[in-house]
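User: Hello! I am new to this structure and would like to learn how to read it, one feature at a time. Could you guide me?

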Amino acid sequence: MGKVTRKDVAIKAGVSETVVSYVLNQNRYVDADKRRRVLSAVKELGYVPSPMARALKGKGSGRILLITDHLESDHFVSLVSEMERLASEEGLSVSLCRWHPGQAFLQNILQSGYDRVLVGSTMMDDASIQSLIDSGMAVVVLEIKERAGLSGRYGIINSGLYQGALEAMNALWERGRKKIVYVSSLGNLEPGDFRYRAYLESVDSPRRICGAVDDRDLGKKVKSLWDEEPFDGLFCRTDYVACVAMHALLSLGVRIPDQVSICGFDDAWCGRCVLPTLTTVHIRRDLMAQSAMELFALLARKKEGATEPIRIELQTKFVTRESL
């Protein structure tokens, strides 16, 4: 038998999950017969409430918001799925939204009843994140770039982007690639991004493809740069843009990996479906989700006098496939 859940207890006791919560949390009146049945079911089934969930649900709405820049990102959809799996058993909910700069959108978040926010956006400015922290929300920041302007009690998850990017660049160098181009995500280049920083530190003459508005535009930029001066390696910020760049080069008759080696980042499903299959850097989304939930629990326990952020460090894994 798998792990006993609150739902199992409710079914066994013949009551709702809400009644089970009232009995276990001792925060609402429940008549003696129902209380007896719930406690009997807890004992018989061996149900052990999650300390993390109890901490999260002590006060607040139980609503978690993940803020990103790209709703279509396979990485963040997978991360939400992992978080939802961990949260749903205890009645917590997880939502995903795209960040829109401006006070109106920030105020909407502050007034929408969320009490836990996971920031996975590079576009979201430090002042807006600080507003969430100052509001009393439990805020966890994915360290995609340097965030030197934040203060107070919040969580940080470093998923190993910088080290993973260095490993990818080293693999390209070891393959003999000397003219390596950085391909940014759609939209503006984020100079402080750890992946881009690792790229700049690894090359003498950086070349970049950025500012594309959509897939077609990105493909045109890849072809234009190739016509201007052929390159022998691409380091791409995500697997998605790597697949678009690969398609553009293949349409020109460029042989991959004979002429150009390509490395993506985040180990998305698309990289496993293209031919040649895409070399990439795997991000531990399962550990990111687990770490985020643990940090939310720690932040919910208001520690007297605690003003320093809580940091968790993770590592990536380099995945070699045919495109290298």
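Analyst: Happy to. Let us begin with an idea needed for reading sheets: two strands pair if DSSP finds at least two bridges between them. Keep in mind that this is a predicted model. With pairing in hand, we can look at an open sheet of 6 strands, in the order E2-E1-E3-E4-E5-E11, where the pairing is parallel. Strand E2 (93–98) and strand E11 (310–313) are at its edges, each with a single partner strand, so one side of each has no neighbour in the sheet. On average, neighbouring strands of this sheet are turned by 20 degrees against each other, direction ignored.

User: How many bridges pair strand E5 with E11?

Analyst: Strand E5 (residues 155–158) pairs with E11 over 4 bridges, in the parallel sense. For one place to look, isoleucine 157 stands opposite isoleucine 312 in E11.

User: What is the strand order in the open sheet of 4 strands?

Analyst: That order is E7-E6-E8-E9, again with parallel pairing. Here E7 and strand E9 (261–263) take the edges, and each has a single partner strand, so one side of each is left without a neighbour in the sheet. From one strand to the next, the twist averages 20 degrees. Helix H8 (residues 161–174) packs on this sheet and touches E6, E8 and E9, its direction making about 170 degrees with that of E8. Helix H11 (residues 239–251) also lies across E6, E8 and E9, running at about 155 degrees to E8.

User: Can we look at a single strand? Which residues of strand E6 lie on one side, and which on the other?

Analyst: First the general idea: in a regular strand the side chains alternate between the two faces of the sheet. Now the case: in strand E6 (residues 180–183), Ile180 and Tyr182 are on one side, with Val181 and Val183 on the other. All four are buried, and both faces of E6 are covered.

User: What joins E6 to strand E8, and what joins E6 to strand E7?

Analyst: E6 runs parallel to strand E8 (residues 233–236), joined to E8 by 4 bridges. In E8, glycine 233 is the bridge partner of isoleucine 180. On to strand E7 (residues 207–209): 3 bridges join E7 to E6, and these two strands also run parallel. There, valine 183 has isoleucine 209 as its bridge partner.

User: Now helices, please. How do I read two that pack together?

Analyst: Two packed helices are described by the angle between their axes and the distance between the axes. Take helix H1 (residues 6–13) and helix H3 (residues 32–45): their axes are 9 Å apart, and the helices pack at an angle of about 120 degrees. H1 and H3 are therefore oblique to each other. Their crossing is right-handed. On the H1 side the contact is made by Asp8, Val9, Lys12 and Ala13, and on the H3 side by Arg37, Val38, Ala41, Val42, Glu44 and Leu45. Sorted by class, this contact of H1 with H3 has 6 nonpolar, no polar and 4 charged residues.

User: Let me try another pair. At what angle do helix H5 and helix H13 cross?

Analyst: Helix H5 (residues 74–88) and helix H13 (residues 285–300) cross at roughly 50 degrees, and their axes come within 9 Å. That makes H5 oblique to H13. The crossing of H5 and H13 is right-handed. From H5, His75, Ser78, Leu79, Glu82, Met83, Leu86 and Ala87 take part, meeting residues of H13 that include Met288, Ala292, Met293 and Phe296. The residues of the contact of H5 with H13 comprise 9 nonpolar, 3 polar and 3 charged. H13 also lies across strand E1 (63–68), E3, strand E4 (138–142), E5 and E11, running at about 150 degrees to E4.

User: And a residue in a loop? Is threonine 122 buried or exposed?

Analyst: A residue counts as buried under 20% relative accessible area. Threonine 122 has 8%, so threonine 122 is buried. You will find threonine 122 in the loop between strand E3 (116–119) and helix H7 (126–134). Leaving aside residues up to four places away in sequence, threonine 122 touches Asp69, Ile144, Lys145, Arg147, Glu190, Asp193 and Arg237.

User: Finally, how many helices and strands does the protein chain have?

Analyst: The protein chain has 13 helices and 12 strands. Of its 324 residues, 51% are buried.

Terms used
Residues numbered from 1 in each chain as written. Predicted model: local features only at pLDDT ≥ 70, side-chain atom pairs only at ≥ 80, totals over all residues. Heavy atoms only, no water. Axes fitted to C-alpha atoms, helices over the stretch in contact; angles between N-to-C directions. Parallel < 35°, antiparallel > 145°, perpendicular 65-115°, else oblique. Left-handed = near helix turned anticlockwise from the far one by under 90°. Contact = heavy atoms within 4.5 Å. Nonpolar A, V, L, I, M, F, W, Y, C, P; charged D, E, K, R; others polar. Buried < 20%, exposed > 50% of the residue type's maximum accessible area, 1.4 Å probe, protein only.
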